[in-house]
Amino acid sequence: MLSGSGMRSMPTTRRECHLAQTALYIYNNITYPKAVPKHMSPLTIVIIKHPRDPQYDAAAQALAAAEAAAGRETMVLPDLYHLDDDHPVWEALRNLDGPATVYGPLYPRATEWLLRRHAVRTEGWEFHTIEPAAEAPESRRPEVEQPARERWYPVVDRAECTNCHHCLQFCLFGVYEQDAGGQVCVTNPDSCKAGCPACSRVCPQGAIMFPLYAQDPAIAGAPGRKVERDAEARRMFYTRTGKVCTVCQKPSAELSQVMPDGTCPECGRQLPRPSDSPMLKEIDDLIDRLDQITGGGN
């Protein structure tokens with residue numbers, strides 16, 4: 001049976017967690033020596049979903065119990081995505097020492113970069129998504145402190161981000177700012193409009209994820225999926241920012257590429273076809289008039 005009584009006393013290192021055995025950590029019939037070995041065994045982290053999902057709860061609880069029963073140090077955490085940025089769980093995670101395998105409700109890429117956003121060292125960690133159980137049997141949910149509210153904000157994959165500032169220029173709500181080094185950061189996450197994933201669609205590198213966006217797995221950070229800017233997204237960026245496209249504003253002779261649908265490859269604006277040229281139209285009119293004068297075409 002998984003048990004706990006909240007997270008009133010938060011240890012700051014894995015060594016302290018071993019000794020304190022606080023309610024954040026779910027130990028199932030495992031005993032630990034008074035002296036903690038220098039090289040600790042790999043840690044399993046199971047993240048509980050918020051708001052409550054009985055089928056997910058059943059799968060997460062079974063996983064945590066199996067890991068603990070197999071003798072692996074197992075930690076059950078509340079839904080990290082919804083935790084406030086100053087929650088003590090982040091400090092505890094930053095002080096973890098050694099490898100970890102993380103199971104949670106988000107796609108692995110989203111979970112990893114959520115942790116990295118909070119300066120958690122994830123080198124050598126593994127990330128997995130918990131699939132909800134087919135059935136939700138009656139069981140008591142692990143008693144971990146749940147987030148006080150639901151949140152919605154972007155998570156940036158820094159491995160893909162080129163710091164192009166598109167998101168900063170596009171966002172209407174002040175979510176992004178530059179840090180002292182000029183790098184764009186998610187500084188005001190709670191300013192984001194709930195349900196809006198628009199900045200992820202205008203990112204040229206597909207670096208911006210909204211982990212809770214169910215309508216498009218690529219935006220949520222699904223493995224092997226990456227958001228690609230379509231013509232609508234590109235038009236949206238240039239319309240919102242008022243920027244002049246540096247590609248289709250060139251003379252037509254310099255425009256080396258036109259999309260199959262006839263749009264500019266950068267801003268998505270529909271480009272005029274050669275047949276729409278005013279000069280060509282004038283020539284056609286002259287030919288028609290000459291045909292009428294000479295009786296051509298009869």
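This is a predicted model: local features need pLDDT of at least 70, side-chain atom pairs count only at pLDDT 80 or more; totals for chains, interfaces and linings use all residues.
## Exercises on cavities, cores and salt bridges

By class, six nonpolar residues, one polar residue and one charged residue make up the lining of the second largest cavity.

**Exercise 1.** Determine which residues line the second largest cavity, and assign the charged one and the polar one.

*Solution.* Step 1: the lining consists of Ile47, Asp79, Leu80, Tyr81, Pro105, Leu106, Thr111 and Leu114. Step 2: Asp counts as charged, whereas Ile, Leu, Tyr and Pro count as nonpolar. Step 3: the charged residue is therefore Asp79 and the polar one Thr111.

**Exercise 2.** Characterise the largest pocket by its space, its central residues and the classes of its lining.

*Solution.* Step 1: the pocket holds about 390 Å³ of space. Step 2: among its 18 lining residues, Lys49, Pro105, Leu106, Pro211 and Leu212 lie nearest the centre. Step 3: the lining divides into 13 nonpolar, two polar and three charged residues.

**Exercise 3.** Identify the residues that touch the most other members of the largest nonpolar core, and list the contacts of phenylalanine 210.

*Solution.* Step 1: in soluble globular proteins, nonpolar side chains tend to be buried together. Step 2: the largest core contains 28 residues, and Tyr176, Cys199, Ile208 and Phe210 touch the most other members. Step 3: two or more residues of this core come from each of α5, β7, α6 (198-202), α7 (217-220) and α8 (231-241); α6 gives the most, three residues. Step 4: leaving aside residues up to four places away in sequence, phenylalanine 210 touches Trp152, Tyr153, Pro154, Cys192, Cys196, Pro197, Cys199, Ser200, Ile219 and Ala220. Apart from this core lies another, of 25 residues, including Tyr81, Leu83, Leu106 and Val120.

**Exercise 4.** Compare the positions in the chain of two salt-bridged pairs, glutamate 112 with arginine 116 and glutamate 160 with lysine 226.

*Solution.* Step 1: side chains of opposite charge can pair when their charged atoms come close. Step 2: glutamate 112 and arginine 116 form a salt bridge at 3.0 Å, N to O. Because they are four residues apart in helix α4, about one helical turn separates them. Step 3: glutamate 160 and lysine 226 also form a salt bridge, their closest N and O atoms being 3.0 Å apart. This pair links distant parts of the chain, 66 residues apart: glutamate 160 is in the loop between β5 (155-156) and α5, and lysine 226 is in the loop between α7 and α8. Step 4: glutamate 160 has 29% relative accessibility and so counts as partly exposed; lysine 226, at 40%, is likewise partly exposed.

**Exercise 5.** Decide whether aspartate 57, a salt-bridge partner of arginine 52, is buried or exposed.

*Solution.* Step 1: the closest N and O atoms of the pair are 3.0 Å apart. Step 2: a residue under 20% relative accessible area is buried. Step 3: aspartate 57 has 3% relative accessibility, so it counts as buried.

Notes:
Residues are numbered from 1 along each chain as its sequence is written. Side-chain values use heavy atoms; hydrogens and water are left out. On a 1 Å grid over the protein atoms alone, a cavity is a set of points where a 1.4 Å probe fits but cannot get out, and a pocket is an open set with protein on both sides within 12 Å along at least five of seven lines; lining residues have an atom within 4 Å of a point. Grid points are joined across faces, edges and corners, and a volume is the space filled by probe spheres set on the points. A nonpolar core is a set of buried Ala, Val, Leu, Ile, Met, Phe, Trp, Tyr and Cys residues joined through side-chain atoms within 4.5 Å. Buried means under 20% relative accessible area, exposed over 50%, partly exposed in between (1.4 Å probe, protein chains only). Contact means heavy atoms within 4.5 Å. A salt bridge is a side-chain nitrogen of Lys or Arg within 4 Å of a carboxyl oxygen of Asp or Glu.
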